[in-house]
Amino acid sequence: WVLYDGAAVNQVRWGTKQPKRRAPCVSVSLHPYAELRKAGVKPRQRCPIFYYRQEGIADVSRIIPQMETQRFEDVVAQRGIVTALRNQVASGRVGHAYLFTGVRGTGKTTCAKIFARAVNCLHPKDGDPCGECEICKGIDNGSILDVVEMDAASNNGVDDIRDLRDETAYTPSACHYKVYIIDEVHMLSTAAFNALLKTLEEPPAHVIFILATTEIQKVPATILSRCQRYDFTRIGPEDIAQRVEYIAGQEGLELTTDGAELISRLADGAMRDALSILDTCAGVTAKIDADVVRRMAGVTDRSYLFRISDALEAQDGAAALAQLAALRQQSVDVKRLTEELIAHYRALMLAALPGGQSLLSGVSPEEALLALSESDAAGGSAVISTLGSAAIYTVMTLPTSTGVPASTLHETTQPAA
């Protein structure tokens, strides 16, 4: 580490003086004067306020890399979309505007980047980028600026779109197409959408727009009608589990089958969430099983859902209210609890219906067995009849945003009969 005093840094900022190298310290602590004395250097009166790292230290990087997919062939699920995009690249019939929509972590931005490389690749292979030509390498390392990725969440003003529209008039510097990837396009303002409208309708021949969004309902119909729309579906638990096991093997991690299945259920169809959970677990141990995943992902025992449903089935209002009060005392989020109850009763209904067991998703095998046992013991009609009382108890007993139970608000706001 080399120390610079504040005056020298200020002079360098204005270009009037080069900084002087000071004596290197043995280490850096909260007391730089003490370190200077250890090195045998008399400290200056002015306190050094800037530290400059001279030698590289251990790079703090992600243990599990994102392992970004480089080819359409490696995209998990989304077979129909991948086939359509590859055929367009192979035939040379490329559109001018695309709209990728779907929930988070389903591969929208990944497919957009692969498509941007594929349409500009010098030697494409069956619609896939080769990854070895100078164009593919230049786009990957950022030396070629013909592929622009824009975050509409932080660049949502009309001036940002006007600047982008002005840039489209210039031809690409190295590629065949200039590709603009606008992520979270639904965050654009109304004026920004209007500024983008004319460019989408009649873009230059060398420009391709790829819009990505998770909230398609917020995109104006005038934008939708000018784009080729592709809907990305949630990734199945089996596909996520296979991909997570493959990545764990590539990184030298011991991931059990139970751990991979639990990660796939917690990811809820999002590959990015699955990789984040795996990354968190890998930071603790290289041997990852279901217990490690539960501990690191913050998964708690959800037996309270069965206790609530049992109390409602037995028409024991006191037990149901006591369980809700205990959960509220533990600072359980009320909105989250309501969503869990809805999913819980859905699982009970599916378990009670003939052939509904195959539709159970997002629940562990233990919970599935409990749901099957309860549905067999109570019968399908009893489970379905309990839903009405469950909804009434949930709505009337859970506190509102004001902290007052909804039943109290109902009683105080209704006029006397």
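This is a predicted model: local features need pLDDT of at least 70, side-chain atom pairs count only at pLDDT 80 or more; totals for chains, interfaces and linings use all residues.
Residues are numbered from 1 along each chain as its sequence is written, and side-chain values rest on heavy atoms, with hydrogens and water left out.

The protein chain holds 18 helices and nine strands, taken as DSSP runs (H or I over at least four residues for helices, E over at least two for strands) and numbered from the N terminus. Of its 417 residues, 39% are buried, where buried denotes under 20% relative accessible area, exposed over 50% and partly exposed in between, for a 1.4 Å probe and protein chains only. The chain exposes about 23300 Å², of which carbon and sulfur atoms supply 52%, as given by the Shrake-Rupley method with a 1.4 Å probe. Among contacts (heavy atoms within 4.5 Å) with a separation of 6 or more, 69% join residues 24 or more positions apart.

Five strands form an open sheet in the order β4-β5-β6-β3-β7 with parallel pairing, two strands being paired if DSSP finds at least two bridges between them. Its edge strands, each pairing on one side only, are β4 (147-151) and β7 (228-232). On average, neighbouring strands of this sheet are turned by 15° against each other, direction ignored. Within the sheet, β5 (residues 178-183) and β6 (residues 207-213) are joined in the parallel sense over six bridges, and I181 has I210 of β6 as its bridge partner. Helix α6 (residues 158-167) packs on the sheet and touches β4, β5 and β6, its direction making about 165° with that of β5; helix α7 (residues 190-201) also packs on the sheet, touching β3 (97-102), β5 and β6, and its direction makes about 130° with that of β6. For these angles, axes are lines fitted to C-alpha atoms, for helices over the stretch in contact, and values run from 0 to 180 degrees between N-to-C directions.

In helix α12 (residues 290-297), the buried residues include A290, V292 and V293. These residues lie on the same side of α12 because they cover an arc of only 160° around the axis, the arc being that of the directions from the helix axis to the C-beta atoms. On the other side of α12, D291 and R295 are exposed. The cover over the buried residues of α12 includes α10 (257-267), α11 (271-282) and β9 (287-288). Just after α12, G298 adopts a positive phi of about 70°.
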